[in-house]
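User: Could you take me through this model and tell me what stands behind each term you use?

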Amino acid sequence: MKKVIVFGASGHAKVVIDIIEQENQYEIFGLVDSFKPKKSLLFEYSILGNEDDLPALVKEHNIYGIIVAIGDNCKRKTIVHKVQEICPTLQFINAIHPNAVLGKNVALGNGIVVMPGAIINSDAAIGDSCIVNTNASVGHEAILKDFSSISPGVKIGGNFNLGFCSAISIGATVIENITIGDHTIIGAGAVVTKNFPDCIVAYGSPAKIIRARTENERYLFSNLERKGKRAVLKQVK
């Protein structure tokens, strides 16, 4: 089997590793991560270094491909562009769980993750480095632009358009014929019944705009980071 590297060593990477193992199409040679120490393990896989080590790893070990297993859209985009710059011949593989359902004429880009129980219906188009998470449902003729993501349990109607680097959070519902702009975040449990523009945060039932956001603003945080944010808020109060 062709050798691949997983970029990332967090919880999202664990799920991606499981999908690649379930597919049984590639051999995971190891992991690369920007922060975890070299030679540490995730499952049985060793962290081989960071992104700066990639060119040497690819050359020395005949690495065919890579998948960037980072949940945050903006961070994933940054790493993908860096990898393309330093390793232009490296292929971005897809990780599609065998229990996912893909309808007729579904178009897939590169570097995509489709998790168990996900359903992508006919004539949908999924852009590069998108994530369709566990038990999410994407309607017919929907379009997910590059680096966008659909969280677990999201239900999306047909003829939907999700903008570049945008995210629909856990358990949200989106009716048919809706367009969400670029770099926009729809919050968990939202019910989306109208279009939303670029660079906003919206949630509620029905969803409404809560505030503006910047293109590079993070929206996913580790447990440690969340604890730090809570501690800061307590000090402010």
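Analyst: Happy to; here is some background, and then your questions.
This is a predicted model, where local features need pLDDT of at least 70, side-chain atom pairs count only at pLDDT 80 or more, and totals for chains, interfaces and linings use all residues. Residues are numbered from 1 along each chain as its sequence is written, and side-chain values use heavy atoms, leaving out hydrogens and water.

User: How do you know that strand 9 pairs with strand 12?

Analyst: Strands are DSSP runs of E with at least two residues, and helices are runs of H or I with at least four, numbered from the N terminus. Two strands pair if DSSP finds at least two bridges between them. Strand 9 and strand 12 (residues 125-126) are joined by 2 bridges, so they meet that definition. Leu-108 stands opposite Ile-126 in strand 12.

User: What makes strand 9 an edge strand?

Analyst: The open sheet has 5 parallel strands in the order 9-12-15-18-21. Strand 9 (107-108) pairs on one side only, as does strand 21 (179-180).

User: How do you know how much area domain 1 and domain 2 bury?

Analyst: Buried area is the accessible area (1.4 Å probe) that two parts lose on being put together, summed over both. For domain 1 and domain 2 that comes to about 1,300 Å², 67% of it on carbon and sulfur atoms. Ile-19, Asn-73 and Arg-76 supply 37% of the area that domain 1 buries against domain 2.

User: Where do the bounds of these domains come from?

Analyst: They come from an automatic or database domain assignment, which gives domain 1 (2-92) and domain 2 (96-212).
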